[in-house]
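Subject: Structure handover

Hello,

Here is the structure I promised to pass on. Please open it first, then read my notes below.

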Amino acid sequence: MTSGINLGDFLAEAEDLLDRLNHGLLDLDAAVKRNGKQDPAVVNDIFRAAHSLKGICGMFGFSEVGEIAHKMEDLLDRLRLGKLKLTPEGLDTMFEVVEELRAILSRKANGEQIGPEEIEGLKRRLLRVEQEKKEADTRDWIKESGVSEDILSVLTEYEEHRLVENLKEQKNIFQITAGFSLDTFDEDLTVLQKTLREQGELITTLPSAEASSEDKITFFLLLGTDKPEAEIEAQLSGYPVSLKPIQPGAEEIRAPAKARAKAGGEEAELEEAGAEPEEGEIGTVRSLTRTVRVDIDKLDELMNIVGELVLSKNVIAQLIEKLRGQLGFGEMGIELYKANRNLEHKLEELQGSVLEVRMVPIGQIYDKLRRNVRKLARETGKEVNFITEGGDTELDKLIIEDLADPLMHIIRNSIDHGIEPKKERISQGKPEQAQIRLRALQRGNHVVIEISDDGAGLDFARIRKKAIAMGLIGAEQELKEEDLIPVLFISGFSTAEKVSQLSGRGVGLDVVKNNIGALSGAIDLESELGKGTKVIITLPITLAIIQALIVEVGKETFAIPLNAVSSGLAVRPEEIKTIEGREVIELRERTLPLLRLDKFFKLNSGPHLELEEVYIVTVGIAERRIGLVVDRLLGRQDIVIKSIGEVLSGIRGVAGATELGDQRTILVLDVVGLIEEATSARISGRISAGSAE
Amino acid sequence: MTKENYQILLAEDSAITRAFLVSTLEDLSVQVNIIEVASGFEALKQLPREKFDLIITDINMPDINGLELISFIRNNPEYAHIPLIVVTTEGSPRDKEKGMALGVDEYLVKPIDPIQFQELIRRYLKW
C-alpha cells in the first residue's frame with residue numbers, strides 16, 4: 001500500500017464511483033425505456049466512472065476489481081463510440097456486475113481473498129453483453145467536417161465520434177467563440193454551456209491560447225443542433241459570444257488571428273492575501289476541494305461529547321438553582337446565571353451544527369430502491385413505474401441506513417401482493433403499467449414517508465376471516481376496517497394463498513414495524529379495495545439528542561420525547577369517564593383514551609385519587625393520540641438516549657434510558673409502544689392469551 | 001541548479017489519485033509546493049497565479065479534457081516551456097498519439113510506480 005493513503009479514502013472514492021455507475025445505468029435504463037435513445041452525455045459519464053475506477057483500483061492493489069472495471073470500461077467505451085448496441089439484458093448484467101463489484105470490494109477490504117474463478121465468471125458475464133453493431137462506414141467524416149485543424153487536434157476519440165454522429169444526422173454544426181474574465185470564466189462558461197445544451201449537443205469546449213490574455217480567456221465551443229442559425233443567435237443574445245456555422249467540406253476556419261504579441265516582462269502577479277507561502281517554509285499542499293469525508297463513528301463520538309456537555313450544563317444549571325435557593329439573588333448569582341445562559345446558547349449552536357453534519361438527503365437510498373423495483377418487477381412480469389419525490393428531505397445518516405430495508409420490504413409487498421398481474425389490471429380498466437410512488441417530506445421534527453401503489457388494495461373482509469381463523473380476534477367482534485390494521489403487523493399473519501419467493505410468508509410487516517419502531521418511528525396504513533394501498537411512516541429527524549418532557553409518576557421520573565407531545569393539561573378526576581372498560585376524557589369533541597403510567601408499569605404510587613387535579617400529557621404520532629396520566633410535570637430538558645441493557649430491552653413502552661443533570665438515570669418512554677398498548681388492547685390481549693396456552 | 005521551492009500544478013479529478021501523487025511528490029528530497037486542482041477549469045484559473053516548474057495532468061476530466069488543457073498550455077507563450085506530464089488511466093491509443101503531438105513530455109499510464117515517478121520528476125525539475 002502506498003504511503004500516506006489510507007484504505008478508507010480509497011474505498012470511499014471507489015464507492016462513489018460505483019454509485020455514479022449505478023446512477024448512470026439507471027438514467028440509461030429510463031432513457032432506453034422512454035424512447036429507445038441513450039443520452040450520449042450519460043454514457044460518457046458512466047464510461048468515465050468505470051475508467052476512473054479501473055485507474056484507482058490498479059494503484060491500490062485491488063487489481064481483481066480493476067480487471068472487471070476494465071472490462072466494463074471497454075464495453076462502455078464501445079457503447080459511447082457507437083460500436084455496441086445496448087439490450088435490456090445487457091443493462092441488467094451491468095447492474096448486477098456493479099453490485100458484485102461493491103461486494104467484492106468490501107470483502108477484499110476485510111482481508112478476504114477473491115478467487116480467480118469468481119473474477120473470470122464476472123468477466124464472462126460481461127462478455128455476454130457484447131452485441132456488435134454494424135461496422136462503421138469508411139467515409140472520413142472528420143476530415144470533411146470543415147472544423148479547423150486546431151480544434152480537431154485536441155478532440156478526444158469520443159468527441160470525434162460525437163462530431164461524426166452529429167454530422168451523420170445532418171445536424172447543423174456551430175462554432176461559438178466566447179471571451180470571459182479569467183476570474184469568473186468558470187461560472188460564466190457553465191451558464192453558457194447550459195444554454196447551449198438546451199439547444200443541442202455540446203461537443204467540446206476548448207480554451208484558446210491565442211485569443212486569451214492575462215485577465216481574459218477565450219473558449220471555442222462546438223455545438224451540434226437541429227436548429228437554424230437565427231434561432232441559436234437569438235438564444236445567445238446577451239452573451240459575449242460570436243457564432244459561426246461550420247459547413248462540411250468548406251474551407252477550414254482558422255482560429256481568430258494570433259492577437260497578441262508576448263506581453264513584455266513578467267506577468268502581473270495575482271496576489272491573494274495569505275496565499276503566498278512564506279520564504280523558507282516547507283512546501284505546502286493546498287487543495288481546492290472544499291469537502292472532507294468523515295467516518296460516521298467520529299460523528300457519533302462528537303455527538304456523545306456534545307451530549308455529555310449538555311449533561312454537564314444541566315448539572316451547572318441545577319447548582320445555580322440550589323445556590324439561588326440558599327443565597328437568593330446576589331450579584332454573583334446573577335452573573336453566574338448569565339454566564340450559564342450564554343453557555344447554553346453556544347451549546348445549542350454546537351449541537352445544531354453537529355446534528356446538521358449528520359443529516360443526509362433520503363434521495364441517497366432512492367437509487368438502491370429503484371434498482372430493486374426494477375429487478376422485482378422483472379421477476380414478477382409486472383410493469384412498474386417507480387416515482388420518487390422529496391429526495392432532498394434530510395434525515396440522520398444512521399436512520400437513513402436503517403431505513404432502506406423496511407422500505408424495500410414495503411415496496412416488495414406492494415409489487416408482490418398489491419399490484420395485480422397485467423391481464424387483471426387491463427380487465428379492470430387500469431393502465432397496464434402500475435405505479436408505486438415514494439414521497440418524503442418534512443413535517444416539523446418529523447419526516448413522513450409515504451409509499452403508495454395503485455394495486456388491488458386490502459380486502460378487509462378476508463383479513464377479518466383470517467384473523468378469526470388464527471384466533472386473533474373473536475368471530476363476534478365488530479371491528480371497523482381501521483381497527484383491523486394492527487392485525488396486519490402481527491408476526492406470522494398473511495392472507496397470501498400462495499407463498500411467493502419474493503415476500504416469503506407473512507414475515508414482512510411485523511419486521512418492518514419493529515425496524516421502524518427501533519428508529520422511534522410509527523407506521524400506518526390506508527387502503528381501499530381495488531384502488532391501492534398507502535403505507536405511511538413517520539420518523540424523527542434524529543435520534544442522537546432530543547428534547548424531552550420530564551414527568552413524575554409516584555416516586556419515579558420518566559422522560560417523554562417532546563416531539564411526540566402535543567399538549568399538557570390538568571383535569572379534575574370526575575372528568576375522566578370509562579367507556580368499554582377504558583378510561584377516556586373528552587378533549588375538543590374527541591375521545592382521548594388514557595393510559596395510567598403507574599398502573600402500566602405497576603408502580604407503587606401515592607394515593608393520587610385524593611388529588612384535586614390529574615395531569616395529562618397528550619402524546620401522539622401521526623393520527624393516533626392518547627393521554628398519559630402523570631403526577632407532576634418537572635419541565636423540559638435535552639436528553640441523550642442511551643440504550644438499556646438486554647434485560648430491560650424487552651419491556652414495552654420503554655425506548656431507553658437517559659441521565660439527568662443530578663446523575664440520576666431515568667427511563668425514556670417509547671410513545672409509539674404505549675399508544676399501541678392503549679389503542680389495540682383488545683387485539684393484543686387476545687394474542688397474549690393465545691400464546692400463553 | 002537547485003531551486004528553493006518548486007511549484008507544481010496537479011490537475012486530476014480523482015481525490016485518491018491526487019493524494020497518491022502528492023505523497024509521492026512530497027517524498028522527494030526537495031521542497032515542492034503542489035497546487036492541486038480537480039478540473040480543467042480550475043487548472044486554467046491557477047495557471048496565471050504561480051510560476052509553475054512542472055504541470056501534471058490527467059486526460060479524462062469533467063469540464064475540458066486534458067488534451068485541451070495541454071493545447072492551451074503549449075500554445076501560450078507564457079506557459080509553453082513548462083514541462084508537462086500526463087498521468088492517465090490506460091485509454092484510447094489515439095488520445096495518447098494526440099497528446100504526444102501536442103507536445104506532452106511524458107505520457108504515463110496508471111498504475112504508477114512511485115520510484116520511477118520520482119526519478120522522472122527529478123529529471124524534469126533539473127535537479
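Two strands count as paired if DSSP finds at least two bridges between them. Keep that in mind for the sheets below. One caution before them: this is a predicted model.

**Confidence and make-up, chain A**

Chain A has a mean pLDDT of 78. In that chain, 83% of residues reach 70 or more. Two stretches need care. Over residues 250-289 of chain A, pLDDT is below 50. That stretch still has 50 contacts in the model beyond near neighbours in sequence. Residues 497-507 of chain A also stay under 50. There the model has 16 contacts beyond four places in sequence.

Chain A has 693 residues, and 31% of them count as buried. Its secondary structure comes to 21 helices and 23 strands. Take the contacts in chain A with a separation of 6 or more: 70% of them join residues 24 or more positions apart.

**The four-stranded sheet, chain A**

This sheet is open and its pairing is antiparallel. The strand order is 2-3-1-4. Strand 2 (201-208) and strand 4 of chain A are the edges, each pairing on one side only. From one strand to the next, the twist averages 20°.

Helix 8 (residues 185-199) of chain A packs on this sheet. It touches strand 1, strand 2 and strand 3 (216-225) of chain A. The direction of helix 8 makes about 10° with that of strand 3 of chain A.

Strand 1 (residues 172-181) and strand 4 of chain A run antiparallel and share six bridges. One residue pair to look at is A:Thr177, which stands opposite A:Ser242 in strand 4 of chain A.

Is A:Ile246 buried or exposed? It sits in strand 4 (residues 241-246) of chain A. A:Ile246 has 21 other C-beta atoms within 10 Å, and the cut-off for burial is 20 or more. A:Ile246 is therefore buried. Its C-alpha atom is 6.7 Å from that of A:Gln175. Along the chain, A:Ile246 and A:Gln175 are 71 residues apart.

**The five-stranded sheet, chain A**

This sheet is also open, but here the pairing is mixed. The order is 21-13-14-23-22. Its edges are strand 21 (632-639) and strand 22 (654-659) of chain A, and each pairs on one side only. Direction ignored, neighbouring strands are turned by 35° against each other on average.

Strand 13 (residues 546-553) and strand 14 (residues 556-561) of chain A run antiparallel, joined by six bridges. Within this pairing, A:Glu552 stands opposite A:Thr557 in strand 14 of chain A.

**Helix 2 and helix 3, chain A**

How do helix 2 (residues 40-59) and helix 3 (residues 63-80) of chain A cross? Their axes come within 8 Å and cross at roughly 155°. Angles over 145 degrees count as roughly antiparallel, so helix 2 of chain A is roughly antiparallel to helix 3 of chain A. The crossing is left-handed.

The contact includes A:Val43, A:Phe47, A:Ala50 and A:Leu53 from helix 2 of chain A. From helix 3 of chain A it includes A:Val65, A:Ala69, A:Met72 and A:Leu76.

**Where helix 2 of chain A meets chain B**

Helix 2 of chain A also packs against helix 1 (residues 15-26) of chain B. The angle is about 35°, and the axes are 10 Å apart. This crossing is left-handed. On the chain A side, the contact is made by A:Gly55, A:Ile56 and A:Met59. On the chain B side, it is made by B:Ile16, B:Thr17 and B:Phe20.

**Chain B**

Chain B has 127 residues, of which 54% are buried. It has five helices and five strands. From the N terminus on, they run β-α-β-α-β-α-β-α-β-α. Among contacts in chain B with a separation of 6 or more, 62% link residues 24 or more positions apart.

Look at strand 1 (residues 6-11) of chain B. Six of its six residues are buried, so the strand is largely enclosed by the rest of the structure. Both faces are covered. B:Tyr6, B:Ile8 and B:Leu10 are buried on one side. B:Gln7, B:Leu9 and B:Ala11 are buried on the other.

Strand 1 of chain B runs parallel to strand 2 (residues 32-37) of chain B, with six bridges joining them. In that pairing, the bridge partner of B:Leu10 is B:Glu36.

Best wishes

Notes: Residues numbered from 1 in each chain as written. Chains lettered and ligands numbered in written order. Predicted model: local features only at pLDDT ≥ 70, side-chain atom pairs only at ≥ 80, totals over all residues. pLDDT = per-residue confidence, 0-100. Contact = placed C-beta atoms within 7 Å. Helix = DSSP H or I, 4+ residues; strand = E, 2+ residues; numbered from the N terminus. Buried ≥ 20, exposed ≤ 12 C-beta atoms within 10 Å, placed from the backbone. Axes fitted to C-alpha atoms, helices over the stretch in contact; angles between N-to-C directions. Parallel < 35°, antiparallel > 145°, perpendicular 65-115°, else oblique. Left-handed = near helix turned anticlockwise from the far one by under 90°.
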